[in-house]
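Dear colleague,

I am handing over the structure below, together with some notes on what was found in it. Please read them with the model open beside you.

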Amino acid sequence: MSDDSLDPLISGYRRFRADHWPAARAEYEALAAGQTPHTLIVACSDSRADPALIFDAAPGQLFVVRNVANLVPPYEPDGQLHGVSAALEFGVKVLNVSRIVVMGHAHCGGVAAMRDGAPDTVKDFVAPWIAQGTPVVRRVAEAVTPAEVEQASEEAVVRLSLDNLRTFPWIAERETAGTLTLTGLHFGIAEGMLRALTSAPRFEPLS
């Protein structure tokens, strides 16, 4: 029989039950009746950039969609399988979130693959997925200094996802009406700092 005490997931669950659950039980029981998150976050699947940790969010506050390189594809209701679009539709039209945040991050492998090409081992799904960001990333990479390429291309993918969000009519309508806000962020892993998309050419640090 395997020793599940060596399993980091089971060990983490036991810490949750022992250290967190007793104080949070009433909160979880209330959440069992339904969720009312205020923000939908599109973030990268990268294990180093967890939105709930970065925003110190409690359960029920964030509706999080994670994928390779925090990409939002354009609105395309063609009857095919669209996981990100389905989550957006549910978050906006059912949960009525008041904000959508697209959060990129430093040292993103998906964005690096847009610049340099996907590894041969991930041609089935990763390569066609990141191809939607390749043209804009490569244009940006040609326009900045070598030292700026990595972060500038990560910021460009956030901008691309925000542009694609606005192709969804029920997102664009709510943004125009002032009931939905779209925000672009970039998380620096090493310094733990968020930068925000403003009217400036590059993302600016949040105070």
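In this model, which is a predicted one, helix H1 has a kink of about 75 degrees at Trp-21, shortly before the proline Pro-22. The helix runs over residues 8-31 and has 24 residues, yet its end C-alpha atoms are only 26 Å apart, short of the 34 Å that a straight helix would reach.

Across the whole structure, a search finds 7 aromatic pairs. In one of them, the ring centres of Trp-21 and Tyr-28 lie 5.5 Å apart with their planes at 45 degrees, so this pair is tilted. Tyr-28 itself, at 26% relative accessibility, counts as partly exposed.

Another pair joins Tyr-75 and Phe-168, whose ring centres are 5.3 Å apart and whose planes stand at 65 degrees, so the pair is edge-to-face. Because Tyr-75 lies in the loop between strand S2 (62-67) and helix H3 (83-94), while Phe-168 lies in the loop between helix H7 (149-165) and helix H8 (169-177), the pair ties together parts that are 93 residues apart in sequence.

With kind regards

Definitions and conventions. Residues are numbered from 1 along each chain as its sequence is written. This is a predicted model: local features need pLDDT of at least 70, side-chain atom pairs count only at pLDDT 80 or more; totals for chains, interfaces and linings use all residues. Side-chain values use heavy atoms; hydrogens and water are left out. Helices (H or I, at least four residues) and strands (E, at least two) are DSSP runs, numbered from the N terminus. The expected span of a helix is 1.5 Å times one less than its number of residues. The bend at a residue is the angle between axes fitted to the seven residues ending there and the seven starting there. Rings of Phe, Tyr and Trp (its six-membered ring) pair if their centres lie within 6.5 Å; planes under 30 degrees apart count as stacked, over 60 as edge-to-face and the rest as tilted. Buried means under 20% relative accessible area, exposed over 50%, partly exposed in between (1.4 Å probe, protein chains only).
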